[in-house]
Amino acid sequence: MRYLLYAEDDIDPTLVLKIFNNGLELVQYLSDLKSTEPKPLVIFLDVNMPIWDGVRTLQTLKADAHFNIIPVIMWSTSTLQRDIDLAHRLGATAFLTKPIHHEDWLKVKAQLPQYFQNSGIRQIS
């Protein structure tokens, strides 16, 4: 079983985590949102997904005026500079390499505030 854990001392009871199997599902969900419904605070996209990968999904999101302001963080096992550069060129707020070891997770956690500060969006903490 795989799952996510989130620890927070000031939990927003309205915060919801939605998980999609691929980028197409995510885009379809967003397209079905009514204009009165809130948009996501941030989108995490895996680069390598079936059906629609993260790059195609990012391109679709950034081409849509309704969704192009939502910060998108690309998430991948790739450390290739060309993948990182492509994600940034297409409008990703950040590109994070999936950590394998605990020490690497700590490095990613430490980098997140910098990404949000540099992007001009408020930090999610």
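**Note on the predicted model**

1. Three strands make up an open sheet, ordered β1-β2-β3, with parallel pairing. Strands (E, at least two residues) and helices (H or I, at least four) are DSSP runs numbered from the N terminus, and two strands pair if DSSP finds at least two bridges between them. β1 (43–46) and β3 (94–97) are at the edges with a single partner strand each, so one side of each has no neighbour in the sheet. From one strand to the next the twist averages 25°.

2. This is a predicted model, in which local features need pLDDT of at least 70 and side-chain atom pairs count only at pLDDT 80 or more, while totals for chains, interfaces and linings use all residues. Numbering starts from 1 along each chain as its sequence is written, and side-chain values use heavy atoms, with hydrogens and water left out.

3. The pairing of β1 with β2 (residues 72–76) is parallel and runs over 4 bridges. Within it, D46 stands opposite W75 of β2. Helix α3 (residues 81–89) packs on the sheet and touches β2 and β3; contact means heavy atoms within 4.5 Å. The direction of α3 makes about 150° with that of β3, where axes are lines fitted to C-alpha atoms, for helices over the stretch in contact, and angles run from 0 to 180 degrees between N-to-C directions.

4. Which residues of helix α2 (residues 54–63) are buried? They are G54, T57, L58, L61 and K62, where buried means under 20% relative accessible area, exposed over 50% and partly exposed in between (1.4 Å probe, protein chains only). Seen down the axis of α2, these residues fall within an arc of 125°, so they line one face of the helix; the arc is that of the directions from the helix axis to the C-beta atoms. Their cover includes α1 (23–32), β1, β2 and α3.

5. The N-terminal end of α2 is capped by D53, with a side-chain oxygen 3.2 Å from the backbone nitrogen of V55. The cut-off for a polar contact is a pair of N or O atoms within 3.5 Å; within protein, one must be able to donate a hydrogen and the other to accept it, and residues adjacent in sequence count only if both atoms are side-chain atoms.

6. I51 lies in the loop between β1 and α2. Although not a glycine, I51 has a positive phi of about 65°. I51 counts as exposed, at 61% relative accessibility.
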